[in-house]
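Student: I'd like to go through this protein and ask what lies behind each label. Could you set the value against the cut-off each time?

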Amino acid sequence: MKRNRRVLLVGIIAVVVLAAVASFVPMRSTLKYLWRKASREYSVSTRLEQFGHYVKERLEPSFAAGGVKYPPADLALVAFKDSRILEMYARDQGQPWKFIKSYAVLAASGKLGPKLKEGDHQVPEGVYRLESLNPNSRFHLSLRLNYPNDFDRRMAKVDGRTRLGSDIMIHGRSVSIGCLAMGDEAAEDLFVLSALVKTERVKVVICPMDFRIEAAVNLIEEPSWVGELYGMLRKELHQFRKGT
């Protein structure tokens, strides 16, 4: 009886050892992934490995319908605060912008009107670029805007304002103060595509409303330079047309 037990025990150990050897590489990869997850030490490239396939699978049909290669040469994200919609546009080298798809903005604090100072909880309005991508955001993934931009700084100097605020993001989850919260899946789409295109080729336009619609009028009277800002945004929106 004891001999049979010993034989059984040896057999079990052999099976475990063989299984461990056979799966060493995937086990090592799994442990490496879990370690990164626990330590939050992701890089942009590891996030591309993690989400790139799923994003491509989700977005390629929309790019094909728009007649633009995936990934494109340039990317534009156009957000409207009143309707809480973000539209994605893309283009190949030397081509006009093409509409790709829309996303719902799940959360955005503040009201219509530009951001003026730190702590006002306002989502800024203007034409921005991406400064960087954060693969370890508390809000899943995030894209950092170059707020305040040159226009913001120039108007602040005219007004005598300081402490304009910073850290304005487009990110995941569904809560936000001064940023655009898009939900995790949409954040993955925007993060991966921006990484593939390169941040310097991503434009972000944030408007209080859709100035392409004739009924859209200025609802904001202050500050005094808001008319200049909205005129600039109207002009910017002319290049982004659905169905063109």
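Tutor: Happy to. Let's begin with pairing: two strands count as paired if DSSP finds at least two bridges between them. Please keep in mind that this is a predicted model.

Student: What stands opposite S132 in β5?

Tutor: R144 of β5 stands opposite S132. Further along, N134 is set opposite S142 of β5.

Student: How do you know that β4 and β5 are paired, and in which sense do they run?

Tutor: Strand β4 (residues 126–134) is joined to strand β5 (residues 142–145) by 4 bridges. Pairing needs at least two bridges, so β4 and β5 pass. They run antiparallel.

Student: What makes β6 a partner of β5?

Tutor: The same test. There are 3 bridges between β5 and strand β6 (residues 169–171), again in the antiparallel sense. The requirement is at least two, so these strands also pair.

Student: Why are β3 and β7 said to stand at the edges?

Tutor: Look at the order in the sheet: β3-β2-β1-β8-β4-β5-β6-β7, an open sheet of 8 strands with mixed pairing. β3 (98–104) and β7 (180–181) each have a single partner strand, so one side of each has no neighbour in the sheet. For the whole protein, the tally is 6 helices and 8 strands, and along the sequence they follow α-α-α-β-β-β-β-β-α-β-β-α-β-α.

Student: How do you know that the span of α5 agrees with what a helix should have?

Tutor: Helix α5 (residues 184–197) has 14 residues, and at 1.5 Å a residue it should span 20 Å. Its end C-alpha atoms lie 20 Å apart, so the two values agree.

Student: And what makes α5 "mostly covered"?

Tutor: Of its 14 residues, 11 are buried, among them A186, L190, F191 and L193. The buried residues also include E188 and D189. Just after α5, K198 takes a positive phi of about 90°.

Student: Why is C179 called buried?

Tutor: The cut-off for buried is under 20% relative accessible area. C179 has 8%, so it qualifies. C207 has 0%, so it is buried as well. Across the 244 residues of the protein, 45% count as buried.

Student: How many disulfides does a search of the whole structure find?

Tutor: It finds 0. A disulfide is a covalent bond between the sulfur atoms of two cysteines, and the test here asks for a pair of cysteine sulfur atoms within 2.5 Å.

Student: Is H140 buried or exposed?

Tutor: H140 has 13% relative accessibility, which is under 20%, so it counts as buried. It is found in the loop between β4 and β5.

Student: Then what makes R163 exposed?

Tutor: Exposed means over 50%, and R163 has 63% relative accessibility, so it is exposed. R163 lies in the loop between α4 and β6. Its phi is positive, about 50°, although R163 is not a glycine.

Student: Which peptide bond is cis, with P148 as one of its residues?

Tutor: The bond from Y147 to P148, with omega near -5°. P148 is in the loop between β5 and α4 (150–159). The bond from Y70 to P71 is cis too, with omega near -5°, and P71 is in the loop between α3 (44–66) and β1 (74–80).

Student: What lines the largest cavity?

Tutor: P114, K115, Y147, D152, M155, R161, L164 and W225. By class, that lining has 5 nonpolar, no polar and 3 charged residues. The volume of the largest cavity is about 40 Å³, and the search finds 1 cavity of 30 Å³ or more.

Student: Why is that space called a cavity, when there is also a pocket?

Tutor: In a cavity a 1.4 Å probe fits but cannot get out, whereas a pocket is an open set of points. The largest pocket holds about 180 Å³ of space. It is lined by 13 residues, with K115, G119, S166, I168 and I177 nearest its centre. Its lining divides into 3 nonpolar, 6 polar and 4 charged residues.

Key: Residues are numbered from 1 along each chain as its sequence is written. This is a predicted model: local features need pLDDT of at least 70, side-chain atom pairs count only at pLDDT 80 or more; totals for chains, interfaces and linings use all residues. Side-chain values use heavy atoms; hydrogens and water are left out. The expected span of a helix is 1.5 Å times one less than its number of residues. Buried means under 20% relative accessible area, exposed over 50%, partly exposed in between (1.4 Å probe, protein chains only). On a 1 Å grid over the protein atoms alone, a cavity is a set of points where a 1.4 Å probe fits but cannot get out, and a pocket is an open set with protein on both sides within 12 Å along at least five of seven lines; lining residues have an atom within 4 Å of a point. Grid points are joined across faces, edges and corners, and a volume is the space filled by probe spheres set on the points. Ala, Val, Leu, Ile, Met, Phe, Trp, Tyr, Cys and Pro count as nonpolar, Asp, Glu, Lys and Arg as charged, and the others, Gly among them, as polar.
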